[in-house]
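Hello,

Here is the structure for you to look over. My notes on what was found in it follow below.

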Amino acid sequence: MNPTDPAQDPEGVTNGPLTAVTGASGALGGRVAKRLTRAGVPVRLLGRDPSRLPELPGADAAPAAPYGDGEAMRRALAGAHTLFLVSAHESPHRVHEHLTAVDAAVAAGVERIVYVSFVGAAPDATFTFARDHWDTEAHIRVSGVRHTFLRDSWYLGGLPAMTGTDGVLRGPAGDGRVAAVAHEDIADAATAVLLSDADPTGPTHDGETYDLTGPEAFTLAEAAEELSRVTGRAVTYVPETREEAYASRSGYGAQDWEVAGWVTSYEAIAAGEMATVSDAVATLTGRQPMNLATYLREHPDSYRHLLSGG
């Protein structure tokens, strides 16, 4: 049986220990929850807004459990064996929220945490939000719970999304490279890791850190060329200085910490911190991850704003 094959439907029959999936109304958590239920795994869906959680066979929805509310998280995780922890939305308090959620999981008796981190997570990472992931990883390591870290790269879907309707992708990435990855590939890899406890003969993935990337690292100028090809219009990459990057984003009304995260994500590309190309997706799923051309072909809505009249 291929546990990530969406065509296999056990008709809602569930077995095995309970897996709690956070961010279940989002692009990643929702995909993972769907894959787990199709594999017959009992799932508990967690999200900030329970009304937005999907209805899936064999899954139950927990009441609202914000990461920063330790008691609510502990109640939501009662009886769960594994926690799939999707990182919280960026905020000045995100590390505290993550640590509170981890402590609640341990207090609830969760035996295993699979955490979605970020490639290049380090205390001195150029990308400021990657430092948050390092702090979270460090706390999980000393918690005593079994754990696996999935460090994903930039999302492929972010490239068209960050390109303006003027056809310009701008940022201080220089000629650095990024091995961006699709949500689908992250979800398939995560599902394989989460299902490993059901196979006593397979790897446990305990203590492992996997970089989840696409099959190739490319420059943003090359990404713009691919967007030009698929949209039929001129899409260009404009490299900015740090000063220009902050100035061009000053009109969004975002707080300083958020703008710093946006700008430093590009600077991390320039510094070579996102150029890693890993075989983890292929190793975990048995197939190659999508490249940018394939992603754009399969997700035309991602660049619809770049089409005339879009």
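**Ile269 and its surroundings**

Leaving out residues up to four places away in sequence, Ile269 touches Trp154, Ala173, Gly176, Arg177, Val178 and Met274. Please keep in mind throughout that this is a predicted model. Ile269 is found in helix 9, and its relative accessible area is 0%, so Ile269 is buried. Ile269 and Ala59 are 210 residues apart in sequence, and their C-alpha atoms are 39 Å apart in space.

Seven strands make up an open sheet, in the order 3-2-1-4-5-6-8, with parallel pairing. Its edges are strand 3 (59-61) and strand 8 (209-212), each of which pairs on one side only. From one strand to the next the twist averages 20 degrees. As a general point, the strands of a sheet pair through backbone hydrogen bonds, either parallel or antiparallel.

Strand 8 pairs with strand 6 in the parallel sense, over four bridges. Leu212 of strand 8 stands opposite Asp152. Strand 8 also has two faces: Tyr210 and Leu212 are on the covered one, while Thr209 and Asp211 are on the uncovered one.

**Helix 3**

Helix 3 (94-108) has 15 residues, which should span 21 Å at 1.5 Å a residue; the end C-alpha atoms are 21 Å apart, so the two agree. The buried residues in helix 3 are Arg94, His98, Thr100, Ala101, Val102, Ala104, Ala105 and Ala108. They pack against helix 2 (70-76), strand 4 (82-85), strand 5 and helix 4. After helix 3 comes Gly109, with a positive phi near 90 degrees.

**Helix 4**

The same check on length can be made for helix 4 (residues 128-142): its 15 residues should span 21 Å at 1.5 Å a residue, and its end C-alpha atoms are 23 Å apart, which agrees. Phe129, Ala130, Asp132, His133, Thr136, Glu137 and Ile140 are buried in helix 4. Viewed down the axis of helix 4, these buried residues fall within an arc of 145 degrees, so they line one face of the helix. What does that face pack against? The buried residues of helix 4 pack against helix 3, strand 5 (112-118), strand 6 (146-152) and helix 9 (256-270). Helix 4 is followed by Gly144, where phi is again positive, near 90 degrees.

**Aromatic pairs**

A search of the whole structure turns up six aromatic pairs. One of them is Tyr115 with Phe149: the ring centres are 6.4 Å apart and the planes are at 90 degrees, so this pair is edge-to-face. Because Tyr115 lies in strand 5 and Phe149 in strand 6, the pair ties together parts that are 34 residues apart in sequence. Are these two residues buried or exposed? Tyr115 counts as buried because its relative accessibility is 0%, and Phe149 counts as buried at 1%.

Trp154 and Tyr266 form another edge-to-face aromatic pair, 5.4 Å centre to centre with 90 degrees between the planes. Trp154 lies in the loop between strand 6 and helix 5 (158-161), and Tyr266 lies in helix 9, so this pair ties together parts that are 112 residues apart in sequence. Trp154 has a relative accessible area of 7% and is therefore buried; Tyr266, at 4% relative accessibility, counts as buried too. Trp154 is also one of the residues that Ile269 touches.

Ring pairs also link Phe118, Phe127, Phe129 and Trp257 into a cluster. Of these, Phe129 has already come up among the buried residues of helix 4.

**His183**

The last item is His183, which lies in helix 6 (residues 183-194). How does His183 count, buried or exposed? The cut-off for buried is under 20% relative accessible area, and His183 has 16%, so His183 is buried. Apart from neighbours within four places in sequence, His183 is in contact with Ala27, Leu28, Arg31 and Tyr155.

Regards

Notes. Residues are numbered from 1 along each chain as its sequence is written. This is a predicted model: local features need pLDDT of at least 70, side-chain atom pairs count only at pLDDT 80 or more; totals for chains, interfaces and linings use all residues. Side-chain values use heavy atoms; hydrogens and water are left out. The expected span of a helix is 1.5 Å times one less than its number of residues. Buried means under 20% relative accessible area, exposed over 50%, partly exposed in between (1.4 Å probe, protein chains only). The arc is that of the directions from the helix axis to the C-beta atoms. Contact means heavy atoms within 4.5 Å. Two strands pair if DSSP finds at least two bridges between them. Axes are lines fitted to C-alpha atoms, for helices over the stretch in contact, and angles run from 0 to 180 degrees between N-to-C directions. Rings of Phe, Tyr and Trp (its six-membered ring) pair if their centres lie within 6.5 Å; planes under 30 degrees apart count as stacked, over 60 as edge-to-face and the rest as tilted.
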